[in-house]
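Let's take a walk through this structure together, one piece at a time. Have the sequence and the 3D view ready, and follow along as we go.

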Amino acid sequence: MKIAMVGSGYVGLVSGACFADFGHDVVCIDKDQSKIDRLHEGIMPIYEPGLDALVESNVKAGRLSFTTDLAEGIKGAQAIFIAVGTPSRRGDGHADLTFVYAVAQEVGENLANEAVIVTKSTVPVGTGDEVERIIRNSGTSQKFSVVSNPEFLREGAAIGDFKRPDRIVIGAEDEFGREVMSEVYRPLFLNEAPILFTSRRSSELIKYAANAFLATKITFINEMADLCEKVGGNVQDVSRGIGMDGRIGAKFLHAGPGYGGSCFPKDTLALLKTAEDYDSPVRIVEAVVKVNDSRKRAMGRKVLDALGGMDAARGKKVALLGLTFKPNTDDMRDSPAIAVAQTLTDAGVEVAAYDPEGMEQARPLMPEVTMVDDPYAAIEGADAVAIVTEWDAFRALDLDRVKELAKSPVLVDLRNIYQPDDVRGRGFEYVSIGRP
């Protein structure tokens with residue numbers, strides 16, 4: 001089957017490469033000529049473990065290609081995926097659907113054969129209806145169906161998530177759409193991946209509801225961590241204790257500095273706006289958004305407290321280890337590190353930072369932070385070391401070397417990746433999240 005993937009960003013490129021690896025003939029389309037040129041040279045526009053090798057092997061096999069010509073790219077495609085960005089709209093927080101609707105218009109004007117148009121982008125409820133209207137009004141005479149097929153890819157583990165999904169959600173309104181999508185995902189169906197067919201609107205809502213629920217779990221355990229600090233409990237014990245309940249589950253119950261990234265902040269906000277438009281408030285999600293926003297700067301204040309308070313912190317140096325919102329990605333969108341660094345620099349603290357993949361993206365977001373090429377270079381002369389992202393490179397720091405390089409042996413572990421007794425036994429002042 002020929003598949004056209006319109007949009008060669010994170011979702012489009014990963015999905016396109018994986019579909020090609022299943023044996024489909026895939027063409028990835030993007031208006032950014034420089035991005036397409038780099039892809040032809042084997043240069044990935046994003047950091048995702050294993051993606052470069054996957055793209056290279058499928059390009060060599062002739063199953064994956066790249067173009068800026070949408071009309072040519074969709075020619076003969078039985079499934080045309082829309083995988084362009086839907087950022088939060090300035091001013092009101094709604095998902096900006098400008099790119100989605102522009103693609104729908106162009107697809108309709110150039111559709112030369114019957115096809116299923118698939119919204120892979122994360123879109124609010126009712127977007128598929130508008131995409132269908134746009135294509136129908138474009139004047140095409142070809143048979144088509146508009147289907148919703150949300151992605152559930154975790155940055156840093158996207159290839160595995162695509163090939164071994166918990167579920168595949170397909171929102172289709174007719175048998176044509178269901179048949180084509182069944183063929184698209186037939187390789188996964190043979191591996192017994194569960195496919196859930198729903199209405200188009202239900203499918204659109206599933207994506208937002210899933211991300212809002214996961215964001216709620218994260219925020220819940222973060223608030224439990226704060227309570228643990230007040231009452232002398234251990235949030236890791238609390239997390240294990242509730243996570244062993246099959247009705248709750250252990251995932252997304254790791255206390256930290258708050259969620260960030262490309263999905264949770266944007267999708268929770270979009271869900272709030274959708275609920276507001278339909279006069280059906282989702283107050284739990286509203287609280288989650290507010291708590292998460294305030295938590296990030298609170299983590300900066302936690303580092304200031306470890307330095308002796310705001311007045312004592314002025315003029316001191318902090319080493320920030322980890323800048324991306326999570327490990328195994330270069331994504332800085334809504335990363336807690338941004339708010340932590342801003343809180344510190346606002347208080348007159350000198351900040352030196354290191355991240356294995358995210359420093360190029362972080363530089364314009366943190367102009368007052370000094371970026372260095374090695375964690376120990378950041379630590380040298382620091383009055384405190386703060387771990388903000390749990391990269392594997394930070395899980396086994398040479399603590400003796402850290403103690404030797406740092407001005408003061410203060411370690412603020414905002415991801416709880418070390419054991420308190422081990423660190424304190426080496427002479428450190430150790431601060432973690434929700435643990436005594």
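Two strands count as paired if DSSP finds at least two bridges between them. With that in hand, and keeping in mind that this is a predicted model, look for an open sheet of six strands. Its order is β11-β10-β9-β12-β13-β14, and the pairing is parallel. At the edges sit β11 (370–371) and β14 (429–431), each of which pairs on one side only.

Let's step into that sheet by way of β10, which covers residues 350–354. Is this strand mostly covered or mostly open? It's mostly covered: four of its five residues are buried. On one side, β10 is joined to β9 (residues 317–321) by five bridges, and the two strands run parallel. If you want a spot to look at, find Leu320, which stands opposite Ala353 in β10. β10 also pairs with β11, this time through two bridges, again in the parallel sense. Here Ala352 has Thr370 of β11 as its bridge partner.

Helix α15 packs on it and touches β9 and β10. The direction of α15 makes about 175° with that of β9, and because angles over 145 degrees count as roughly antiparallel, the helix and the strand fall into that class.

Stay with α15 (residues 336–346) for a moment, as it has a helix partner too. The axis of α13 (residues 283–306) comes within 7 Å of the axis of α15, and the two cross at roughly 45°. How are α13 and α15 placed to each other, then? They're oblique, because 45° belongs neither with the roughly parallel angles, under 35 degrees, nor with the roughly perpendicular ones, 65 to 115. The crossing is right-handed. From α13, the contact draws on Lys296, Arg297, Met299, Gly300, Arg301, Val303 and Leu304. From α15 come Pro336, Ala339, Val340, Gln342, Thr343, Leu344 and Asp346. Sort these residues by type and you get seven nonpolar, three polar and four charged.

Helix α1 (residues 10–21) packs against helix α3 (residues 51–60) at an angle of about 50°, with the axes 9 Å apart. That angle makes α1 oblique to α3. This time the crossing is left-handed. On the α1 side you'll find Leu13, Val14, Ala17, Cys18, Ala20 and Asp21, and they meet Leu51, Leu54, Val55, Ser57 and Asn58 of α3. By type, the residues of this contact come out as eight nonpolar, two polar and one charged.

Next, another strand pair. In a regular strand the side chains alternate between the two faces of the sheet. You can trace this in β7 (residues 168–171): Ile168 and Ile170 point one way, while Val169 and Gly171 point the other way. Are these residues buried or exposed? All are buried. β7 pairs with β8 (residues 195–198) in the parallel sense, over four bridges, and within that pairing Val169 has Leu196 as its bridge partner.

Let's finish with some single residues. Thr127 belongs to helix α6 (residues 127–137), and since its relative accessibility is 2%, it counts as buried. Which residues does Thr127 touch, apart from its neighbours within four places in sequence? They are Leu97, Val100, Tyr101 and Glu204. Leu227, 100 residues away in sequence, is 41 Å from Thr127 in space, C-alpha to C-alpha.

Gly308 sits in the loop between α13 and α14 (310–313). With a relative accessible area of 56%, Gly308 is exposed. Between Gly308 and Phe197 there are 56 Å, C-alpha to C-alpha, and the two are 111 residues apart in sequence.

Asp279 lies in the loop between α12 (264–277) and α13, whereas Asn416 is in the loop between β13 (410–413) and α19 (420–424). Asp279 counts as exposed, at 68% relative accessibility, but Asn416 is buried, with a relative accessible area of 8%.

Definitions and conventions:
Residues numbered from 1 in each chain as written. Predicted model: local features only at pLDDT ≥ 70, side-chain atom pairs only at ≥ 80, totals over all residues. Heavy atoms only, no water. Axes fitted to C-alpha atoms, helices over the stretch in contact; angles between N-to-C directions. Left-handed = near helix turned anticlockwise from the far one by under 90°. Contact = heavy atoms within 4.5 Å. Nonpolar A, V, L, I, M, F, W, Y, C, P; charged D, E, K, R; others polar. Buried < 20%, exposed > 50% of the residue type's maximum accessible area, 1.4 Å probe, protein only.
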